[in-house]
Amino acid sequence: MSNPVLVIDQLVVERGGRRIVDGLSLTLAGGEIYALLGGNGAGKSTTLFAILGFLARSGGGLTIGGQDPATAIEAVRAQIAYLPENVALYDHLTARENVDYLLKIADCRRSRAEIEAAFLSVGLAAPAWEQRAGSFSKGMRQKTAIALAMLRDTPLLLLDEPTSGLDPAASADFHALLETLAARGVAVLMVTHDLLGAADTADRIGLISGGRIASEWSAQTSEPRFDLNALHDGFARVR
Amino acid sequence: MNRALTIAGAELRLMLRSRLALVGIATLLLLSAIAAVTSATQMAAAAEMRAEAQAATDAQFKAQPDRHPHRMVHYGTYALRPVGPLAAFDPGVDAFTGTLLFLEGHRQNSATFGAARESSDLVRFGQLTPAFVLQTLAPLLLVFLGFASIARERERGSLRALAAYGAGAWSILVGKALALGVAAALAMAPAFAALGWAAVQQPGEAGIAALTALSYGGYLLVWVLVITAVSALAASAQGALVTLIAAWAIVVVLVPRAAAAWVGVAEPLPSRVDTEFAIAADLRRIGDSHNPNDPHFAAFKAKLLKRYGVTRVEDLPFNYRGVLAQEGERLTSQLFKDYAARAAAIQNAQTETLTTLGIISPALAVRRASMTGAATDLGTHLAFLAAAEAYRYAMVQKLNGLQASAVASADDAARSKDPIADRRTRISADFWKTIPDFDFSAPSPGERAGAMAMPLAVLALWVALAIGLFAFARRRLERAGL
């Protein structure tokens, strides 16, 4: 794998004296979509928080674009777009104002035309641009957030349960957007319970158990991309 | 800093788009404007009324006909406390201390005509003045505007998202505090305009007005920093609100009242009735100048007769009655002065204790600084009482001296039975015009600035403590990965 965006090597993260992540290793290249599956409390979100520098690691190695969050948190965060489960838009701001605001926070200058082009590319219709996010469905919020990620043009996108609460059509739209981003060279790490969605989109699927990746599957070049029975059995075992 | 400004802009936009915040800000602005206008109007009317009354009473005194000097001692005059230079901003104790003193011989009267005694009970509750709005209502508005500023972001998950976009704990805290600071500045605007207007009207007060503005700026800065820090430290927005409301109630409402009650118990001031009884008892001990057998005055007479080598008061080269009145006035006035000094010492000690207690409530410190700057504090009232007493003593002794030097002893003795002698004891009305008018000036801006040093130092301490809490909140956020 040439120039990996994310390298996790034997990562250990403890919370409240308990090892939540225990020896997790994962490498992710640009343009790759990786779905991290696992039961509740398996350490999926903890892994994301460690990558973002919200949690300090107790052991192992972790770099994003060659930078270690323990020593260069600002440089690391500048390379990551992060979508939490409840997309954190500001309800009192319109879609455009949200994007403007968060781009300014990220110290990223984009023209009005670039922002509108991003909205259009994620399928956010023009009337929604000036609507306050408080009136948005989860799908619309995610589209806005993905547009923001595209505008930031970061090499790594972290997603935490992105399709929970989405109807199948919105979920399919969302996965299509991820493929668009991956096609632009963005590495996507997605934490999810959505087995089918992951199988539909991901290049690799890792099953986390006991704080480490217990099983991993890579997509086949021909359909079906994954052996759904094997995935289901594996997932059922760790739950 | 750019990120902090961006966060501040978004927070201000939230305030502008939140009906609750808008209604709160609009209400405070309205209250501030009403307070500024009504207080300025009331104080201008009071200043005009007192100046007119002082001029009228001075004119009445000067318009008295030919009279025996001792009649004028009892006729007396009035002293009205002038309105403090910045009283429109902070009337201070003006409503509670009385503004009118009747000045006469043999007696030291209490000040009367305090607005709290003359008006409805609402005056006792607290007048709506720019100072009241800034001290009491502005912090409450800031609590409602700022309690959720960071706690809300944490609850909805956007705090970590902000951090993921590159905003550090410092940017978030400073940005939120800046937005609240802008709201505070907006809330202060009408009150500060009133202060500025007073300074424009009296250019000599500009420096004091600036110091007063500085003290309120420091006070509200404490609130802004504490509110933002508590919002960052609290587990939930509701927890932050409960904590801050409790802090407001304790700091602004409870502590000032409890502190005032406590200093009243710790350093009790004798009641006016007790003081009057004590003075009356002491006066009896001093003696009665009208009683020829009174030991003190009998000794005084004997000493005088001996000094002039005569055996009868009628043979003295002056009117003994006038000199006797001077001696009586000297003794009683010294007594009044001693009692007043004791009362002033207790009141000053109470004020100093209250200022020291400002360490547990910045509201106490800002009140002291504000009233001192406006020359509406207890110290200025005590200075007025002292000036009025000095004026009374000088006027009465001048009249007594006139009796001693210009009224013949024989005429004085016969005037109750002999109308012609009585006429001769009367002094020309022209003399009353030579007695200077009562004139009291508040402590100079320099003196008031000096007196503001202690409360300003206490406020500076509070600002330092608030910055410490702010820094602690930053460390906590950073430890949480922000």
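Predicted model: local features only at pLDDT ≥ 70, side-chain atom pairs only at ≥ 80, totals over all residues.
Figure 1. Of the 239 residues of chain A, 48% count as buried.

**Figure 2. Overall fold and dimensions of chain A.** Chain A contains nine helices and nine strands. Its radius of gyration is 18 Å, close to the 18 Å given by the globule rule for 239 residues, so chain A is as compact as a globular protein of that length. Taken along the principal axes, the box filled by the C-alpha atoms of chain A is roughly 45 × 40 × 35 Å.

**Figure 3. Packing of helices α6 and α7 of chain A.** Helix α6 (residues 138-152) of chain A packs against helix α7 (residues 168-183) of chain A at an angle of about 5°, and their axes lie 11 Å apart. Because angles under 35 degrees count as roughly parallel, α6(A) is roughly parallel to α7(A). From α6(A), the residues G139(A), Q142(A), I146(A), A149(A) and M150(A) meet A170(A), D173(A), F174(A), L177(A) and L181(A) of α7(A). By class, this contact comprises seven nonpolar, two polar and one charged residues.

**Figure 4. The contact between chain B and chain A.** Chain B contributes 17 residues to the contact, and chain A contributes 20 residues. On the side of chain B that touches chain A, α1 (2-17) and α9 (158-164) of chain B each supply at least two residues. Helix α1(B) gives the most to this side, with six residues. The residues on the side of chain B that touches chain A divide into seven nonpolar, five polar and five charged.

Methods. Residues numbered from 1 in each chain as written. Chains lettered and ligands numbered in written order. Axes fitted to C-alpha atoms, helices over the stretch in contact; angles between N-to-C directions. Helix = DSSP H or I, 4+ residues; strand = E, 2+ residues; numbered from the N terminus. Parallel < 35°, antiparallel > 145°, perpendicular 65-115°, else oblique. Contact = placed C-beta atoms within 7 Å. Nonpolar A, V, L, I, M, F, W, Y, C, P; charged D, E, K, R; others polar. Rg over C-alpha atoms; globule rule 2.2 N^0.38 Å. Buried ≥ 20, exposed ≤ 12 C-beta atoms within 10 Å, placed from the backbone.
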